[in-house]
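Trainee: I would like to go through the labels used for this model and the criteria behind them.
Mentor: Go ahead.

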Amino acid sequence: MVDRLANSEANTRRISIVENCFGAAGQPLTIPGRVLIGEGVLTKLCRKKPKARQFFLFNDILVYGNIVIQKKKYNKQHIIPLENVTIDSIQDEGDLRNGWLIKTPTKSFAVYAATATEKSEWMNHINKCVSDLLSKSGKTPSNEHAAVWVPDSEATVCMRCQKAKFTPVNRRHHCRKCGFVVCGPCSEKRFLLPSQSSKPVRICDFCYELLSTGEMTACQSTRSDSYSQSPKCSLNDASDDDDDEDSSD
């Protein structure tokens, strides 16, 4: 079906409409062979709080942006190549239901659908697109993922020293390697994580020691353990992360 739609006039028109909704600030989306599979509003778990974002699934990329005018205008366009994507289901917690993790080497985050059916459809379509891409390219799935950041609201004290309380003066920081919310003194070090940045990025002292001694090739924070009050990192875990400069997202 995707191959049949690839060069159809209807598909080209749909992609053009999406392009226009992002305006001049958005990247061009129309290329030969690209197909718009589906679209919808998902709740993205951002650093400050969950926020509604418009998502577009193509056969080779996932695109999302802020909603300015529903179905008419979006901004802050993000484009994620699907070849690098891995998704994992998340258990329901309170008001956060029907969620899954979208994990890539450069950025990882949680999203939530309105219903269980919608979640299933999104996950099935994403997995199918990723599988088809990897099959055509002969590549293997990525086993390196940026850490999913723990939201600010989940930590009233530093998740490493367990002592420093966060205040307007003593602000929160995020380790780019494990995703924990940490205080300044516990995250003064920087380390080069090539998949995330060309410059050294902030990491916590715990991850720095493991990385600098070569004891940790990756340190994964799954949603369940990274939000716990006694964070632990196994040396055999694989990583997950996001970015502090994108503090509003």
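Trainee: What makes strand β6 (residues 99–103) mostly covered?
Mentor: Five of its five residues are buried, where buried means under 20% relative accessible area, exposed over 50% and partly exposed in between, with a 1.4 Å probe and protein chains only. Strands are DSSP runs of E of at least two residues, numbered from the N terminus. This is a predicted model: local features need pLDDT of at least 70, side-chain atom pairs count only at pLDDT 80 or more, and totals for chains, interfaces and linings use all residues. Residues are numbered from 1 along each chain as its sequence is written, and side-chain values use heavy atoms, without hydrogens and water.

Trainee: Which residues of β6 lie on each side?
Mentor: Gly99, Leu101 and Lys103 are on one side, Trp100 and Ile102 on the other, and all are buried. In a regular strand the side chains alternate between the two faces of the sheet.

Trainee: How do you know that β5 and β6 pair?
Mentor: Pairing requires at least two DSSP bridges between two strands; β5 (residues 86–90) and β6 have five, in the antiparallel sense. Five bridges also join β6 to β7, again antiparallel.

Trainee: Why is the pair of phenylalanine 55 and phenylalanine 109 called tilted?
Mentor: A search of the whole structure finds eight aromatic pairs. In this one the ring centres are 6.5 Å apart and the planes at 40 degrees, so the pair is tilted. Rings of Phe, Tyr and Trp (its six-membered ring) pair with centres within 6.5 Å; planes under 30 degrees apart are stacked, over 60 edge-to-face, the rest tilted.

Terms used:
Helix = DSSP H or I, 4+ residues; strand = E, 2+ residues; numbered from the N terminus.
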